[in-house]
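Hello,

My notes on what I found follow it.

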Amino acid sequence: MRQVWNEFEQWLKINRPEVLGTLNEAATESQIAEVEQKIGLKFPQNLRELLMIHNGQRDEYIAAIDNYLLLPLDEIVYTWQTLKELLDGGEFEDFEEVEPVGPVKKEFWWNPCWIPVATNGGGDDICIDLDPAEGGKVGQIITFWHDWEQREVISDSLEEWFIDTINHRDE
């Protein structure tokens with residue numbers, strides 16, 4: 001992840017230099033472990049490595065990738081817990097059936113095995129999928145829209161998502 005991040009940071013310097021000043025300091029192993037315990041999920045190694053480079057961004061309305069901010073640990077927890085409470089409270093039961101684009105499970109409007117890693121600030125997130133449908137890859141990157149049923153695999157991994165951005169393939 002470190003090499004991919006270094007390449008991404010070089011891309012930021014050229015294409016979105018204003019993002020660099022919004023990046024948080026690194027998270028610690030213990031901070032990451034605390035969040036994993038709170039949400040009951042083990043983070044993939046690439047996410048752990050990313051957070052130990054920069055713990056997301058400060059929300060200054062300056063997106064790092066497309067219109068998405070990279071979430072710090074406290075926002076990962078807040079977003080995950082909020083969606084989990086809505087799920088447990090039955091809030092998603094009357095929603096349209098999910099329309100997967102790629103190997104995403106359609107049984108859940110929101111799946112508690114999704115780790116939000118980026119947000120557009122309007123309730124739409126980019127998530128790491130730890131529970132893909134058959135044919136998917138644990139750790140694939142998917143879209144979560146709060147008001148639209150499509151869930152799309154946009155990359156096979158966190159590294160690939162950053163590389164796609166560098167190569168301008170993240171349509």
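First, a term: buried means under 20% relative accessible area, exposed over 50%, and partly exposed in between (1.4 Å probe, protein chains only). By that rule Glu-60 counts as partly exposed, because its relative accessibility is 40%.

This is a predicted model, in which local features need pLDDT of at least 70, side-chain atom pairs count only at pLDDT 80 or more, and totals for chains, interfaces and linings use all residues. Residues are numbered from 1 along each chain as its sequence is written, and side-chain values use heavy atoms, with hydrogens and water left out.

Glu-60 sits in the loop between H4 and strand S1 (69–70); helices (H or I, at least four residues) and strands (E, at least two) are DSSP runs, numbered from the N terminus. Its C-alpha is 7.0 Å from that of Thr-22, although the two are 38 residues apart in sequence.

Next, helix H3 (residues 29–39). Ile-32, Val-35, Glu-36 and Ile-39 are buried there. They lie on the same side of H3 because they cover an arc of only 100 degrees around the axis, taken from the directions from the helix axis to the C-beta atoms. Ser-30 and Gln-37, on the other side, are exposed. The buried residues of H3 pack against helix H4 (45–51) and helix H5 (73–88), with contact meaning heavy atoms within 4.5 Å. Just after H3, Gly-40 has a positive phi of about 70 degrees.

Finally, Asp-125 belongs to strand S4 (residues 125–129). The side chains of Asp-125 and Thr-119 are joined by a polar contact of 3.0 Å (a pair of N or O atoms within 3.5 Å; within protein, one must be able to donate a hydrogen and the other to accept it, and residues adjacent in sequence count only if both atoms are side-chain atoms).

Best wishes
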